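Grab a pencil and work through these exercises with the model open beside you. Try each task before you read its solution.

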Amino acid sequence: MLGRALAGTATATAAAVAASTQLDVGGEAYSTLYSTAVAPALRLLDAETAHRAGVFAAAHGLLPRAKTADDAVLRTTLFGRSVPNPVGLAAGFDKHGEAVDGLLGIGFGLVEIGSVTPKPQPGNAKPRVFRLPEDRAVINRYGFNSVGHADAAELLRARPAAAPGAGLLGVNLGKNKTSDDAAADYVAGVRALGGFADYLVVNVSSPNTPGLRALQRRDDLKQLLRAVRTAVDALPSPPPPLLLKIAPDLSAAEKADIAAVALGERVDGLIVSNTTISRPPTLAAAAKTEGGGLSGAPLRDLATETVRDMYALTRGKLTIVGAGGVGSGRDAYDKIRAGASAVQLYTALVYDGPPLVPRIKSELAALLKADGFASVADAVGADSKAKKGRWF
Ligand SMILES: Cc1cc2nc3c(=O)[nH]c(=O)nc-3n(C[C@H](O)[C@H](O)[C@H](O)COP(=O)(O)O)c2cc1C
């Protein structure tokens, strides 16, 4: 009985996926297909299997495509490169770089792969990722499962040439669990993967690798970034921009230290933020007691306030990419007004699937226009005292 029901679901899902590939990700037809056939099937799978299924679909051309051009108000410049919109996919979904073009195809303006570690490593024992549906959140303790630099480089080398004006590829670098020379791991990442990247990210903020977050401390960070900056500058010109990804769980003094070091060591931007180790008292789902990093809606305001702090502390001089709980155009807009030049999301995609991407973009475009902004750049930091040219 159950077997027949499952076979029926599998057949219906396969038919839905096949139909999806012809559809516009922003259209009514795909939205209905996703909510009635694809999402219910994914919910039957445990979180990691559903994640793998999503990556597989994106890697094998089984996702719909964005067939409608983005609203002109969303076009923006990041690190001197023009992108069609400022809505990105955060690191951790495509950890190895298997599915970049399928993901750009659903309409992201930037897709960040990784974290990639130098040597392959399996990550933590399963289960290691949990849905918290009542909270629209996820807890993960993947622990940098990675194919390693060499295999990721091979996957990126096999990509077709990027279409002009397409979104950016970010490459997020991690360190091996057993490595005792963090700087060497990140420098190796720059050398192995920097040539494929439109921007590089030094991730020192995942909570699932012992000792990693301590690299955010002033002296360690200074040493690390100096070594990484030197390696980036040695790449063929022009080298990719260098970003630092930070946690949302920092004290005021730690944030001030990071801002000073990032400016001093010529970092180009910050990704704010990674998952949180905190557990807000509002969490309702059974999985709230799992260990790991919490992402999604309960992280949203903490991350936005961290964007605001870092924008002020860096006096608007660094490009900030805001991540954490973005699930609507309003959420994206709040982060932009707090100081982000672009945003990223991951967890909301777990709950809403690809139709979320065009929805966020059209909501964001409407909010920008309603407030009289001609572009995303005009709105960056609008709510911050550090708005460039206004207070400094
Ligand atoms: C399952 C999962 C795996 C993640 N893996 C990584 C990772 O490998 N490297 C990283 O820098 N961030 C990782 N993240 C953090 C996200 O990139 C993002 O910073 C965070 O989830 C906040 O965004 P969100 O609330 O939209 O998910 C991961 C997040 C999730 C949910």
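**Exercise 1: two helices side by side**

In this predicted model, the axes of helix α6 (residues 182–193) and α7 come within 9 Å and cross at roughly 20 degrees. Work out how to describe their relative direction, then list who touches whom.

*Solution.* Start with the angle: roughly 20 degrees between the axes of α6 and α7. Angles under 35 degrees count as roughly parallel. So α6 and α7 are roughly parallel to each other. Next, the handedness: α6 passes α7 in a right-handed crossing. Now for the contact itself. On the α6 side you'll find A182, A183, Y186, V187, V190 and R191, and they meet Q223, L224, A227, V228, A231 and V232 of α7. Sort the residues of this contact by class and you get 10 nonpolar, one polar and one charged.

**Exercise 2: the other partner of α7**

Which residues of α7 and α8 meet each other? Find the direction and handedness of this pair as well.

*Solution.* First locate the helices: α7 covers residues 218–233 and α8 covers residues 252–264. Their axes lie 10 Å apart, at an angle of about 20 degrees. Use the cut-off of 35 degrees again: α7 and α8 are therefore roughly parallel to each other. α7 passes α8 in a right-handed crossing. The residues that meet are R218, L221, K222 and L225 from α7, and D257, I258 and V261 from α8. Split by class, the contact of α7 with α8 has four nonpolar, no polar and three charged residues.

**Exercise 3: the whole protein**

How many helices and strands does the protein have, and how does its radius of gyration fit the value for a compact globule?

*Solution.* Count the elements and you reach 13 helices and 13 strands. Then take the dimensions: the C-alpha trace spans about 65 × 50 × 45 Å along its principal axes. For 392 residues, a compact globule would have a radius of gyration near 21 Å. The protein has 20 Å, so the two agree.

Conventions. Residues numbered from 1 in each chain as written. Predicted model: local features only at pLDDT ≥ 70, side-chain atom pairs only at ≥ 80, totals over all residues. Axes fitted to C-alpha atoms, helices over the stretch in contact; angles between N-to-C directions. Helix = DSSP H or I, 4+ residues; strand = E, 2+ residues; numbered from the N terminus. Parallel < 35°, antiparallel > 145°, perpendicular 65-115°, else oblique. Left-handed = near helix turned anticlockwise from the far one by under 90°. Contact = placed C-beta atoms within 7 Å. Nonpolar A, V, L, I, M, F, W, Y, C, P; charged D, E, K, R; others polar. Rg over C-alpha atoms; globule rule 2.2 N^0.38 Å.
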